[in-house]
Amino acid sequence: MDGIINVYKEKGYTSHDVVAKMRGILRMKKIGHTGTLDPEAEGVLPVCLGSGTRLCDMLADRTKTYRAVLLLGLETDTQDTTGRILAQAPVQVTGGQVRQTAASFLGTYMQVPPMYSALKVGGKKLYELARAGKEVERAARPVEILELKVEDICLPRVTLEVTCSKGTYIRTLCHDIGRKLGCGGCMEGLVRTRVGEFCLEDSLTLDRIEALRDAGQAETVVCPVDRVFAGLPGLRMCPGEGDKLARNGNPFRPGLARVWMQPGKTAQESGNREPGQVPVPLEYPRVRVYDSGLRFIGVYEYQEAKGQYKPQKLFPGGS
């Protein structure tokens, strides 16, 4: 199988646990995840299979949406409720102050990564140093909060919906909001509801995936690799020289391909129809490429200086 399964990571599992269990369920080794979730967090964890593992870094860069519960009045060393309590304070803020303060984090802000994280300093992961009782200086780095909605306020708890860039720590966002309110805060719960186009309502538990495997239906829930690039126009290579160049991962001239799909559709949805005689317009700076037999080859970028499309990411085996 080549593609992505939208897994619902349950509490108590690490992301690596999920990958290990998926290898056992699907009886295949080439599996990887697309971005770590803390063991106590739950929600969307796209898992890549086969040639789809080449998507891991690309999906990790996608924007993500979370639903978080912020507990005000409490600070811990892990910035969530699993850690050691460092400070407690009365919560004497209004709902209006909470909303105003949360809104102040919209856009780009400089966030200091937590000590309990997998980032490395001097070759060692921060959480390893933290568990050894050491704290090191961490440089603040820019993260972007694209959307931040206060869904509910029942003090001392605040429910937030956050859409953010890669590298954002929601635990740290909760901590920073609490600090700015003057009473401290930490994260009490976290559910990831979206990673790029993969959403919570379509995710599957490990038990459900195992049941589908037993019924011989596991492949029905595998998202094909090319669906991740559905926003790009699709080119179908002409038989002969076009096929030979694309299948070997070589650059090709626009005249060796034809426009087969407009943005928004996948090969499975378009069916085995002829590509027509529409030449490739040069205003397509980035495209997904299929051979004449409709096997997905990869994503190509147009090099204007050379007048050709060059591979950006290839997917051996295709789909």
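## Cysteines that stay single

The sulfur of C164 is 11 Å from the closest cysteine sulfur, which belongs to C174, and that is too far for a bond. A disulfide is a covalent bond between the sulfur atoms of two cysteines; here the term is used for a pair of cysteine sulfur atoms within 2.5 Å. Search the whole structure and you find zero disulfides. C183 is in no disulfide either, with the nearest cysteine sulfur, that of C186, 11 Å away.

Are C164 and C183 buried or exposed? C164 is buried, at a relative accessible area of 1%, and C183 counts as buried too, at 7%. Buried means under 20% relative accessible area, exposed means over 50%, and partly exposed is in between, using a 1.4 Å probe and protein chains only.

## What you are looking at

This is a predicted model, in which local features need pLDDT of at least 70 and side-chain atom pairs count only at pLDDT 80 or more, while totals for chains, interfaces and linings use all residues. Residues are numbered from 1 along each chain as its sequence is written, and side-chain values use heavy atoms, with hydrogens and water left out.

The protein has eight helices and 18 strands. Both are DSSP runs numbered from the N terminus: helices are H or I with at least four residues, strands are E with at least two. Taken along the principal axes, the C-alpha atoms fill a box of roughly 75 × 45 × 40 Å. Of the 319 residues, 50% are buried. Contact means heavy atoms within 4.5 Å; among contacts with a separation of 6 or more, 65% are between residues 24 or more positions apart.

Helix 1 covers residues 15-26, twelve in number, and spans 17 Å from its first C-alpha to its last. That is close to the expected 16 Å, at 1.5 Å a residue, where the expected span is 1.5 Å times one less than the number of residues.

Which residues of helix 1 are buried? They are S15, V18, V19, M22, I25 and L26. These cover an arc of only 125° around the axis, so they sit on the same side of helix 1; the arc is that of the directions from the helix axis to the C-beta atoms. An α-helix has 3.6 residues a turn, so residues three or four places apart point the same way. As for partners, the buried residues of helix 1 pack against strand 1 (3-9), strand 2 (31-33), strand 3 (42-49) and helix 6 (206-214).

## Rings in pairs

The structure holds eight aromatic pairs. Rings of Phe, Tyr and Trp (its six-membered ring) pair if their centres lie within 6.5 Å; planes under 30 degrees apart are stacked, over 60 edge-to-face, and the rest tilted. One of the pairs is F252 with Y300: the centres are 5.2 Å apart and the planes at 50°, so the pair is tilted. This pair links distant parts of the chain, since F252 is in the loop between helix 7 (241-247) and strand 15 (257-261), and Y300, 48 residues apart from it, is in strand 17 (residues 296-303). F252 and Y300 are both buried.

Y290 and F296 make another tilted pair, 5.3 Å centre to centre with 50° between the planes. Y290 and F296 are buried as well. Ring pairs also tie F229, Y290, F296 and F315 into a cluster. Elsewhere, K180 lies over the face of F105, 5.3 Å from the ring centre. For a charge to sit over a ring, NZ of Lys or CZ of Arg must be within 6 Å of the ring centre and within 35 degrees of the ring normal.

Most residues other than glycine have a negative phi, and most peptide bonds are trans. R27 has a positive phi of about 55° although it is not a glycine. You'll find R27 in the loop between helix 1 and strand 2, and at 64% relative accessibility R27 counts as exposed. L294, also not a glycine, has a positive phi near 75°. L294 is in the loop between strand 16 (286-290) and strand 17, and counts as buried at 14% relative accessibility.

The peptide bond from L155 to P156 is cis, with omega near 15°. P156 is in the loop between strand 10 (141-154) and strand 11 (157-164). S165 is in the loop between strand 11 and helix 5 (170-181). At 19% relative accessibility S165 counts as buried, and, leaving aside neighbours within four places in sequence, S165 is in contact with V143 and E144.
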